[in-house]
Amino acid sequence: MLARVFSAAVNGIEAYPVEVEVNAGWGDTVVVIVGLPDTAVKESRDRVSTALTNSGFKFPMGRTTINLAPADVRKEGPSFDLPIALGMIAASEQMNAERLDRYFITGELALTGAVRPVKGVLPIALCARAAGKAGVLVPADNAAEAAVVNGLDVIPVQNLREAVGFLEGEVDLPPTRVDVARLFDQPGEDELDFAEVKGQELVKRALEIAAAGGHNVLLIGPPGTGKSMLAKRLPTILPPLTLEEALETTKIHSIVGLLRPGQALVTRRPFRAPHHTASDAGLLGGNINPTPGEISLAHHGVLFLDELPEFKRSVLETLRQPLEEGYVTISRAAGTVTFPAAFMLVAAMNPTPDGKMPGESRCSPREIQAYLGRVSGPLLDRIDLHVEVPPVKFRDITAAAPGEPSARIRERVIAARQRQQARFRGRPRLTCNARMGSRELKQYCALDEPTLELLKMAMHELHLSARAYDRILKVARTIADLAGSERLTAEHVGEAVQFRSLDRQIWG
């Protein structure tokens, strides 16, 4: 007898339907899996056969052929265990298969027949809704994640026998429901706050501007000045995720397997801080079958690169495309995959190998130049704000009064973002000022004659590139939004220019 079970597999961050065809025939007792299965899928034979026996079902006698269609796309992971087991039970006429075609089914099987959680359930649920299915059967630990998809019955199953009982109508499993609005209202755990930062008012101002416009930041200063402390608090002043952003971020974290059991949605902007020994594949994503890297895990959040010159030059250069485009494309023999990577880059570094400013360092000019040369000019041009982080004064360290709290700064950031959303209404690609192109710069960043003359002088004195010119206009537009001004003035442009001058002092 032939049975069909519907499932899905993930490619990139999207899922595509997979039809599991199981045919129980005559001949020697053997199970054959075809359809480009990887090692984990091939091992399903042993897991499924043992799970069937331990769940009280008969193992099909004769030749059982399992086809995973489409057959020209490689299938990965243990998520096909449950659909294969149900297909074998249906093909051997041990259950009524009438309701099988109403659901997408996914899950890994333990040898006892228990259903274990798998990766990528959210994309699979979205795929099931797009395919017009009534619902999905998923492991109980993944049910909340799938339940954020509206218009779909998410059936949590604990074990194989429970899944069979539900499909035959003998077991009542109520669909899992999730209140998405309540998820966003839950307070963050152990949240940091800018009130804990002593002094560094100029750096706080720069980070506020960065948060308000989605700009990239480079923090340059000696060790112990608070660069990492400031960077880790940046997410606390960013605007909250929208539902669309949360779904996209959750899909990436689901595919990598970073969601906690029972976690429905990523509701806080991610903060990723990879070590400087990270490889190209670790940062961008890759391997034989590409998976998201650190820059995609930081999508809609912050990517923090501490000790920037210590990263391999080749690794840093790979950041150019995602910083410009907001996505990364990885090509392998198996195909090309595109991952979203719209993140804020926050980098920190010492000005010299021994951590002192160039005029105070004991390192030779050649040593300093070799150290700074690890960060290329094209990469620096893609960073909007270059900020000096000086040592904290003693009176600031011993001050009793706390600094301005993150909540107050965040209010100003949200107000500035709302002005940008109103300005860019109808253009979904433009989520913040940092995403503006040349057409938007011409439309929204017009300068009067005195302001234009100031910018011309700055470009000449600092030997800035055309890309740096665009960055200055974007930052000036954000400064004006924070001030509630629709018109760019010399004051706004002048403050933006000062955040481009430090790198010229250091890199010369």
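The crossing of helices α3 and α6 in this predicted model is right-handed, a crossing being right-handed if the near helix is turned clockwise from the far one by less than a right angle, and left-handed if anticlockwise. Helices (H or I, at least four residues) and strands (E, at least two) are DSSP runs numbered from the N terminus. The axes of α3 (residues 81-91) and α6 (residues 160-167) come within 11 Å and cross at roughly 60 degrees; axes are lines fitted to C-alpha atoms, for helices over the stretch in contact, and angles run from 0 to 180 degrees between N-to-C directions. The angle therefore makes α3 oblique to α6, where angles under 35 degrees count as roughly parallel, over 145 as roughly antiparallel, 65 to 115 as roughly perpendicular and the rest as oblique. On the α3 side, Leu82, Ala85, Leu86 and Ile89 meet Leu160, Ala163, Val164 and Leu167 of α6 (contact means heavy atoms within 4.5 Å). This contact comprises 8 nonpolar residues, with no polar and no charged ones; Ala, Val, Leu, Ile, Met, Phe, Trp, Tyr, Cys and Pro count as nonpolar, Asp, Glu, Lys and Arg as charged, and the others, Gly among them, as polar.

Residue numbers run from 1 along each chain as its sequence is written. Because the model is predicted, local features need pLDDT of at least 70 and side-chain atom pairs count only at pLDDT 80 or more, while totals for chains, interfaces and linings use all residues, and side-chain values use heavy atoms, with hydrogens and water left out.

A cis peptide bond, with omega of about 10 degrees, joins Ala69 and Pro70, and Pro70 is found in the loop between β4 (63-69) and α3. Glu93, although not a glycine, has a positive phi of about 60 degrees; Glu93 is placed in the loop between α3 and β5 (103-105).

Helix α4 (residues 121-130) packs with α10 at an angle of about 120 degrees, the axes being 7 Å apart. The two helices are therefore oblique to each other. Val121, Leu122, Pro123 and Leu126 of α4 meet Leu247, Thr250, Lys251, Ser254 and Ile255 of α10, giving 6 nonpolar, 2 polar and 1 charged residues by class.

For α8 (residues 201-213) and α21, the axes come within 9 Å and cross at roughly 95 degrees. This makes α8 roughly perpendicular to α21. Arg205, Glu208, Ile209, Ala212 and Gly213 of α8 form the contact with Val475, Thr478, Ile479 and Leu482 of α21; the residues divide into 5 nonpolar, 2 polar and 2 charged.

The largest pocket has a volume of about 1,300 Å³. Of its 45 lining residues, Arg429, Leu430, Thr431, Cys432 and Arg435 are the closest to its centre. On a 1 Å grid over the protein atoms alone, a cavity is a set of points where a 1.4 Å probe fits but cannot get out, and a pocket is an open set with protein on both sides within 12 Å along at least five of seven lines; lining residues have an atom within 4 Å of a point. Grid points are joined across faces, edges and corners, and a volume is the space filled by probe spheres set on the points. At least two lining residues each come from α10 (243-256), α14 (320-325), α18 (406-423) and α21 (466-482), and α18 supplies the largest share, 5 residues. The lining divides into 19 nonpolar, 11 polar and 15 charged residues.
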